Amino acid sequence: MTTYINIDGDVRDASSLTVPADRTFRGAWAFNEAVIEVDMAKARNIHKDNLRAERKPRLEALDVDYMKALEAGSGAAEIAAQKETLRDVTDDSRIESAENPDALKALDLTTLLGD
């Protein structure tokens, strides 16, 4: 059975290609002759989407804490700052500076937040 790889409508026989073992950024693959490379601009966008999904439950929990703090009349500013830090994580300059997929994968939410 022949396996084919389709990247943006360009379909090629996988047996004639050098294919990355890691599929984390499969949506960022690009053909470079007989080698499949990771388009780092696309990989950064995929990584940011993954970070957004990972931070979502934390933001939702902080939303509840924020409402409780507002009702109690204290602590809302600190929680708002935590929420802002989570929102800003996708703008971290280390994401743009990552030169390869492994460096990008190493920038998980815990690393970026310094937890």
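**Figure 1. Surface and overall form of the protein chain.** The protein chain exposes about 7,300 Å², an area found by the Shrake-Rupley method with a 1.4 Å probe, where for residues only the protein chains shown count as cover. The model is predicted: local features need pLDDT of at least 70, side-chain atom pairs count only at pLDDT 80 or more, and totals for chains, interfaces and linings use all residues. Residues are numbered from 1 along each chain as its sequence is written, and side-chain values use heavy atoms, with hydrogens and water left out. The C-alpha trace spans about 65 × 30 × 20 Å along its principal axes. Its radius of gyration is 20 Å, while a compact globule of 115 residues would have one near 13 Å. That radius is taken over C-alpha atoms, and the globule rule is 2.2 Å times the number of residues to the power 0.38. Buried residues make up 28% of the 115. Buried means under 20% relative accessible area, exposed means over 50%, and partly exposed lies in between (1.4 Å probe, protein chains only).

**Figure 2. The order of helices and strands.** The protein chain has 5 helices and 4 strands. Both are DSSP runs, numbered from the N terminus: helices are H or I with at least four residues, strands are E with at least two. From the N terminus on, the order is β-β-β-β-α-α-α-α-α. Contact means heavy atoms within 4.5 Å. Among contacts with a separation of 6 or more, 40% join residues 24 or more positions apart.

Figure 3. Strand β1 covers residues 4–7 and strand β2 covers residues 10–13. They pair in the antiparallel sense over 4 bridges; pairing requires at least two bridges found by DSSP. Y4 stands opposite D13 in β2. The hairpin has 2 residues between its strands. Which residue here takes a positive phi? D8 does, near 50 degrees, and D8 is not a glycine. D8 counts as exposed because its relative accessibility is 70%.

**Figure 4. The loop between β3 and β4.** Here β3 spans 29–32 and β4 spans 35–38. E33 is found in the loop between them. Its phi is positive, near 60 degrees, in a residue other than glycine. Is E33 buried or exposed? E33 has a relative accessible area of 67%, so it is exposed.

**Figure 5. T90 in a loop between helices.** T90 is found in the loop between α2 (76–88) and α3 (93–97). With a relative accessible area of 5%, T90 is buried. Which residues does T90 contact, leaving aside neighbours within four places in sequence? They are K48, L51, R52, R55 and I95.

Figure 6. In soluble globular proteins, nonpolar side chains tend to be buried together. A nonpolar core is a set of buried Ala, Val, Leu, Ile, Met, Phe, Trp, Tyr and Cys residues joined through side-chain atoms within 4.5 Å. The largest core has 18 residues. A43, I95, L104 and L112 touch the most other members. Helices α1 (40–72), α2 and α5 (109–113) each supply at least two residues of this core. The most come from α1, with 6 residues. A second, separate core has 7 residues, including I5, I7, L17 and I36.

**Figure 7. Contacts of L112.** Neighbours within four places in sequence are left aside. L112 is then in contact with L51, V89, D92, R94, I95 and L107.
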